Amino acid sequence: MDELEAVLAVASDEVAATQSLAELEELETRLTGRKSALAELRRGLSKLDESERPAVGARLNAVAEELAALVGSRRRILEREAEDRLLADDAVDITLPGVGYRTGTHHLITQTIDEVVDIFVALGYQVATGPEIETSWHNFDALNTPWWHPSRLDSDTMYVDYGESDDELPLRTHTSPVQARVMMAQDPPVYVVVPGRTYRTDTFDAAHSPVFHQMEGLAVADGITFGDLKGTLAHFAREYFGKERTIELIPHFFPFTEPSAEMHVSCFNCDGSGCPVCGRSGWIELLGCGMVDPNVFEAVGYDPAEVTGFAFGGGIERIAMVRHGITDIRHFFDNDLRVNRQYI
Ligand code: PHE
């Protein structure tokens with residue numbers, strides 16, 4: 001029994017000194033396990049004198065309970081500490097600044113194409129595309145351009161193959177050859193817009209780029225008139241530049257339309273009174289247009305007695321420069337992100 005009292009005397013300090021649940025478990029085995037003094041005394045109980053037995057037995061139970069209580073309360077403390085550590089390790093500091101992701105944007109040329117295409121898609125037009133390396137036939141002949149036309153010279157047009165008129169391969173100088181491709185691929189009615197890249201031998205300067213973009217429009221059906229052309233272009237001008245815009249069509253010449261015109265839109269900046277944006281004229285020259293020439297219909301296998309149509313085509317860079325006040329076309333091609341980031 002003295003041995004047991006000695007064990008009990010230091011047990012409280014020993015239990016309090018344990019630093020982990022594993023240590024506590026080890027101590028518990030030593031204090032109350034099968035090889036502990038407590039267990040040994042219990043086993044010896046039967047050998048005791050019957051008169052001593054109740055008192056010793058009661059004391060053994062009391063000590064056992066006390067040890068269990070000591071271990072139990074220490075266990076709750078250690079468990080709580082372990083839990084706290086886990087929570088602390090897992091904690092997220094919600095006051096830290098987040099990780100920022102930079103959102104990209106489409107190039108202004110792409111944005112402009114998308115916006116103009118949307119205006120025409122809303123009218124029922126479809127989008128068509130064609131190759132950038134064309135045949136001279138599609139780029140010139142089908143479009144009623146005579147063999148002697150100066151634009152066919154390699155001083156004006158870039159060629160992948162030049163000289164043999166039957167298999168010449170120019171880089172297309174406009175999106176108009178897709179007019180021919182679309183009409184040869186389908187019967188009327190046709191309502192298409194054609195955005196795409198085009199090439200000319202222009203020197204790269206503030207107003208010119210040898211690579212630029214155009215958008216073609218073509219509508220062919222039974223009974224289409226010049227009035228339809230004018231109404232369609234006026235609608236486009238109002239949608240793209242604002243409700244107040246008016247247009248004028250000034251006679252011009254293109255081989256593939258007759259009559260042909262240049263479309264001007266009233267200046268959105270000065271409302272037509274004259275300012276630097278419109279060169280003081282009040283009008284901004286936007287694109288070429290006209291009624292599809294009967295010779296073009298014949299070249300692609302349409303009957304000019306059955307259908308009429310209009311076509312128009314203009315530069316995407318030009319439209320974007322006018323609308324956004326950009327004065328140098330090279331900004332579109334320089335890949336200077338400070339320019340691009342202005343149009344997010
Ligand atoms: N293709 C002409 C150009 O590049 C524009 C145009 C298209 C004119 C369609 C009339 C009809 O200038």
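Trainee: Which residues of H10 are buried?

Mentor: This is a predicted model, in which local features need pLDDT of at least 70, side-chain atom pairs count only at pLDDT 80 or more, and totals for chains, interfaces and linings use all residues. Residues are numbered from 1 along each chain as its sequence is written, and side-chain values use heavy atoms, with hydrogens and water left out. Buried means under 20% relative accessible area, exposed over 50%, and partly exposed in between (1.4 Å probe, protein chains only). In H10, the buried residues are Ile316, Glu317, Ile319, Ala320, Met321 and Val322.

Trainee: Which elements do the buried residues of H10 pack against?

Mentor: Elements are DSSP runs numbered from the N terminus: helices (H or I) have at least four residues, strands (E) at least two. Contact means heavy atoms within 4.5 Å. The partners of the buried H10 residues are H5, S5, H8, S8 and S9.

Trainee: Which members of the largest nonpolar core touch the most other members?

Mentor: A nonpolar core is a set of buried Ala, Val, Leu, Ile, Met, Phe, Trp, Tyr and Cys residues joined through side-chain atoms within 4.5 Å. The largest one has 46 residues. The elements that each supply at least two of its residues include helix H5 (108-121), helix H8 (226-241), strand S7 (257-266) and helix H10 (316-324). The members with the most core neighbours are Leu233, Phe236, Met263 and Leu286.

Trainee: Which residues is Phe236 in contact with, leaving aside neighbours within four places in sequence?

Mentor: Phe236 is one of the core members that touch the most others. Its contacts beyond four places in sequence are Val116, Ile119, Phe120, Met263, Leu286 and Ile319.

Trainee: At what angle do H5 and H8 pack?

Mentor: Two packed helices are described by the angle between their axes and the distance between the axes. Axes are lines fitted to C-alpha atoms, for helices over the stretch in contact, and angles run from 0 to 180 degrees between N-to-C directions. The axes of H5 and H8 are 10 Å apart, and the packing angle is about 130°.

Trainee: Is H5 roughly parallel or oblique to H8?

Mentor: Angles under 35 degrees count as roughly parallel, over 145 as roughly antiparallel, 65 to 115 as roughly perpendicular and the rest as oblique. H5 and H8 pack at about 130°. That makes H5, relative to H8, oblique.

Trainee: Which residues of H5 meet H8?

Mentor: On the H8 side, the contact uses Thr232, His235, Phe236, Glu239 and Tyr240. An α-helix has 3.6 residues a turn, so residues three or four places apart point the same way. The H5 side is Thr112, Glu115, Val116, Ile119 and Phe120.

Trainee: How far apart are the axes of H8 and H10?

Mentor: H8 contributes Phe236, Tyr240 and Phe241, and H10 contributes Ile319, Ala320, Val322, Arg323 and His324. The packing angle is about 50°, so the two helices are oblique to each other. Their axes are separated by 12 Å.

Trainee: Is Arg152 buried or exposed?

Mentor: Arg152 sits in the loop between helix H6 (136-139) and strand S2 (159-161). Among the residues that Arg152 touches are Asp141, Trp147, Tyr159 and Tyr162. With a relative accessible area of 9%, Arg152 is buried.

Trainee: What is omega for the cis peptide bond between Glu258 and Pro259?

Mentor: Pro259 is in strand S7. Another cis peptide bond joins Pro188 and Pro189, with omega of about 0°; Pro189 is in the loop between H7 and S4. For Glu258 and Pro259, omega is about -5°.

Trainee: What is the phi of Arg280?

Mentor: Arg280 is in the loop between S7 and S8, and at 60% relative accessibility it is exposed. Arg280 is not a glycine, yet its phi is positive, at about 70°.
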